[in-house]
Amino acid sequence: HADPVIAVDASPAKRDLALALGATHFLQAGDGLTGEVRALTGGRGVDHAFEVVGSSTTIRAAWDISRRGGAVTVVGAGALEDTVGFSALEIFHQARTLRGCFYGSCDPDRDVPLVADRVRSGGLDLATMVTDEVGLDGLPDAFQRMRDGRGGRTLIRFD
C-alpha cells in the first residue's frame, strides 16, 4: 500500500517496465532528482529508498531522496574501493537509517516457500520482469544489454 512508488533509472527505456511492475512514477536519474522526488512527496522525501546498483553515487542519491528519519537499504553489491561519505553532523541531523541487504536479508527456509506461493497464486508476477530469454551462446549479448541499461531480467535457458 505504498504511495507513491517512485522508480529511478538512468535509462528512460525502463519507464514502461517500472510502471508495469507497480511504480506510480518514473524519474530519470541525474541532476535535479532530489527536487523531483521532493515534489512528488510533499517536500519530505521518500520513507524508504532501495539502492540496487551498488555504487557510491547511487547510494548517495538514495540517501539524498529519503526523508529525515527515513531509511535506505543498499541491495547492490559495490566495489571495495568505492566509498560513500557522510558528515557526522549530517548523520545526526537527518536521523536516517542506512543498511545493507544480502540475499534479500531473508531466511531461505521460511521465505523461498512464501515467494513460491506468491508466484503460483499470481500475487507476484515474475514473468513481466523477464524481458529476454537466451541460451548460453546469448550471454555476451545479455551482458551488453545489462551494461547498456536495456531490458529487465534475462532468463538463461539450458536447452
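The legends below walk through several close-up views of one predicted model. Residues are numbered from 1 along each chain as its sequence is written, and side-chain values use heavy atoms, with hydrogens and water left out. Because the model is predicted, local features need pLDDT of at least 70 and side-chain atom pairs count only at pLDDT 80 or more, while totals for chains, interfaces and linings use all residues.

**View 1. The whole chain, for orientation.**
The secondary structure comes to 6 helices and 7 strands (DSSP runs numbered from the N terminus: helices are H or I with at least four residues, strands are E with at least two). Reading along the sequence gives the pattern β-α-β-α-β-α-β-α-β-α-β-α-β. The C-alpha trace spans about 55 × 35 × 30 Å along its principal axes. Of the 159 residues in the chain, 25% are buried (buried means under 20% relative accessible area, exposed over 50%, partly exposed in between, with a 1.4 Å probe and protein chains only). Among contacts between residues at least 6 apart in sequence, 45% join residues at least 24 apart (contact means heavy atoms within 4.5 Å).

An unreviewed UniProt entry places the feature "domain: Alcohol dehydrogenase-like C-terminal" at residues 5-114. UniProt positions are given in the numbering used here, feature names are shortened, and annotations may be inferred rather than shown by experiment. Over residues 5-114 the chain is 35% helix and 25% strand.

**View 2. An open sheet of 3 strands.**
The strand order is β3-β4-β5, with parallel pairing (two strands pair if DSSP finds at least two bridges between them). Strands of a sheet pair through backbone hydrogen bonds, either parallel or antiparallel. The edge strands here are β3 (46-51) and β5 (97-100), each pairing on one side only. Neighbouring strands are turned by 15 degrees against each other on average, direction ignored. For angles in these views, axes are lines fitted to C-alpha atoms, for helices over the stretch in contact, and angles run from 0 to 180 degrees between N-to-C directions. Between β3 and β4 (residues 66-74), the parallel pairing runs over 5 bridges. If you follow H48 across to β4, its bridge partner is A71.

**View 3. Helix α3 against the sheet.**
Helix α3 packs on the sheet and touches β3, β4 and β5. The direction of α3 makes about 150 degrees with that of β4. The buried residues of α3 are S56, I59, A62, W63 and I65. Their cover includes α2, β3, β4, α4 (88-94) and β5.

**View 4. Helices α2 and α3 side by side.**
Helix α2 (residues 33-40) packs with helix α3 (residues 56-65) at an angle of about 35 degrees, and their axes are 9 Å apart. On the α2 side the contact is made by L33, T34, V37 and R38, and on the α3 side by A61, D64 and I65. Sorted by class, these are 4 nonpolar, 1 polar and 2 charged residues (Ala, Val, Leu, Ile, Met, Phe, Trp, Tyr, Cys and Pro count as nonpolar, Asp, Glu, Lys and Arg as charged, and the others, Gly among them, as polar).

Zoom in on S66, which lies in strand β4 and counts as buried because its relative accessibility is 0%. Leaving aside neighbours within four places in sequence, S66 is in contact with R38, R44, G45, V46, A71, V72 and R96. The C-alpha atoms of S66 and G45 are separated by 4.7 Å, although the two residues are 21 apart along the chain. T73 also lies in β4, and at 6% relative accessibility T73 counts as buried. Not counting residues up to four places away in sequence, T73 touches H48, A49, F50, E51, R99 and C101.

**View 5. Backbone details to check.**
The peptide bond from D3 to P4 is cis, with omega near 0 degrees; P4 sits in the segment before β1 (6-9). A95, a residue other than glycine, has a positive phi near 50 degrees. A95 is in the loop between α4 and β5 and is partly exposed, with a relative accessible area of 44%. Y103 is not a glycine either, yet its phi is positive at about 55 degrees. Y103 is found in the loop between β5 and α5 (108-121) and is exposed, with a relative accessible area of 57%.
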